[in-house]
Amino acid sequence: MPTLANYLIASGLLFAAGLGVVMLRRSIIVIFMGLELMLNAANLSLVAFSRYGLVSGHQNYNAQILVFFIISVAAAEVAVGLAIIVSLYRARQTTHVEDLDTLKF
Amino acid sequence: MLLAAFWFFATLMLLFGLSVVLLRNPVSCAMSLVMSFICLAALYVTLDATFIGVIQVLVYAGAVMVLFLFIIMLLDLREEKSRRLNFGATLGGVLVVAAFLSIMTQVILSNPAFAIPTPTLAGPQISDVKMIGMTLFHSFWLPFEVIGVLLLSATVGVVVLSRRTLR
């Protein structure tokens with residue numbers, strides 16, 4: 001049987017992959033995918049804690065409800081974020097972050 | 001059996017997650033992200049969270065990634081042009097990720113509280129969906145309603161944002 005540490009390390013590696021996407025990639029849409037990857041890593045550790053921290057013999061369902069809420073908030077966030085990317089593309093004709101330097105000092 | 005499933009799906013999930021970093025074409029990034037999410041759903045099933053696994057496939061691998069692919073198609077994104085890599089930024093990114101990984105593994109491996117094996121679930125199992133529904137509508141009915149309002153406002157916001165002219 002896998003231990004809790006196995007799941008937590010898998011979740012941490014997935015988070016690192018998402019962080020790597022955000023830090024290293026230059027396309028705004030791929031950066032957004034990296035954000036999704038990081039949210040899912042957090043979900044995995046929540047579900048692992050729910051399975052390993054039993055409450056009177058059952059899984060801790062509060063954690064799973066939190067995952068449910070995170071997924072629904074993430075869905076709303078993706079819809080709004082992609083709409084922002086589309087209107088950004090209309091205004092600037094680019095999705096490359098290095099071309100968007102208006103706020104740069 | 002469970003251990004083999006864990007290693008198989010965790011390895012596959014991390015490989016697809018890594019290919020999101022490495023592949024240049026946004027469509028291949030999105031497809032490997034879909035595969036990564038499906039493997040993650042399988043990991044949820046190995047953790048006896050079948051409802052969350054199903055939601056993961058439906059919402060993430062289904063709806064969210066279709067939205068991503070649709071936007072990639074709409075913007076007609078080509079392969080990222082290989083520009084000169086900003087050396088400092090790349091080095092900084094790799095350093096931050098490496099520091100995060102080393103600290104995380106050290107914390108998880110040094111604490112014996114995380115080395116516990118899977119506890120066995122007690123007694124006759126009530127179905128996962130039933131328990132989630134009971135918890136959701138007993139203890140979390142107010143956040144559930146707020147999520148409804150949030151989804152509505154997100155929908156309205158998307159419609160406003162994607163109008164041709166913003167006033």
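How far apart do the C-alpha centres of domain 1 and domain 2 of chain B lie? In this predicted model, the C-alpha centres of the two domains are separated by 23 Å.

**View 1. The domains of chain B.** The domain assignment places residues 1-79 of chain B in domain 1. Domain 2 of chain B covers residues 127-167.

**View 2. The fold and extent of chain B.** Six helices and zero strands make up the elements of chain B, giving the order α-α-α-α-α-α from the N terminus on. The C-alpha trace of chain B spans about 60 × 40 × 25 Å along its principal axes. Chain B has a radius of gyration of 21 Å, whereas a compact globule of 167 residues would have one near 15 Å.

**View 3. The interface of chain B and chain A.** On the chain B side, 85 residues are in contact with 71 residues of chain A. The two chains bury about 7,200 Å² between them, and 77% of this area is on carbon and sulfur atoms.

**View 4. Polar and charged pairs across the interface.** One salt bridge is counted between chain B and chain A. Its side chains belong to B:Asp48 and A:Arg51, with an N to O distance of 2.7 Å. Across the interface, 14 residue pairs are in polar contact.

**View 5. The side of chain B that touches chain A.** The elements giving two or more residues to this side are helices H1 (2-22), H2 (26-46), H3 (50-75), H4 (87-110), H5 (128-139) and H6 (141-161) of chain B. By class, this side has 64 nonpolar, 14 polar and seven charged residues.

Note on methods. Residues are numbered from 1 along each chain as its sequence is written. Chains are lettered from A and ligands numbered from 1 in the order in which they are written. This is a predicted model: local features need pLDDT of at least 70, side-chain atom pairs count only at pLDDT 80 or more; totals for chains, interfaces and linings use all residues. Side-chain values use heavy atoms; hydrogens and water are left out. Domain bounds come from an automatic or database domain assignment. Contact means heavy atoms within 4.5 Å. Buried area is the accessible area (1.4 Å probe) that two parts lose on being put together, summed over both. A salt bridge is a side-chain nitrogen of Lys or Arg within 4 Å of a carboxyl oxygen of Asp or Glu. A polar contact is a pair of N or O atoms within 3.5 Å; within protein, one must be able to donate a hydrogen and the other to accept it, and residues adjacent in sequence count only if both atoms are side-chain atoms. Helices (H or I, at least four residues) and strands (E, at least two) are DSSP runs, numbered from the N terminus. Ala, Val, Leu, Ile, Met, Phe, Trp, Tyr, Cys and Pro count as nonpolar, Asp, Glu, Lys and Arg as charged, and the others, Gly among them, as polar. The radius of gyration is taken over C-alpha atoms; the globule rule is 2.2 Å times the number of residues to the power 0.38.
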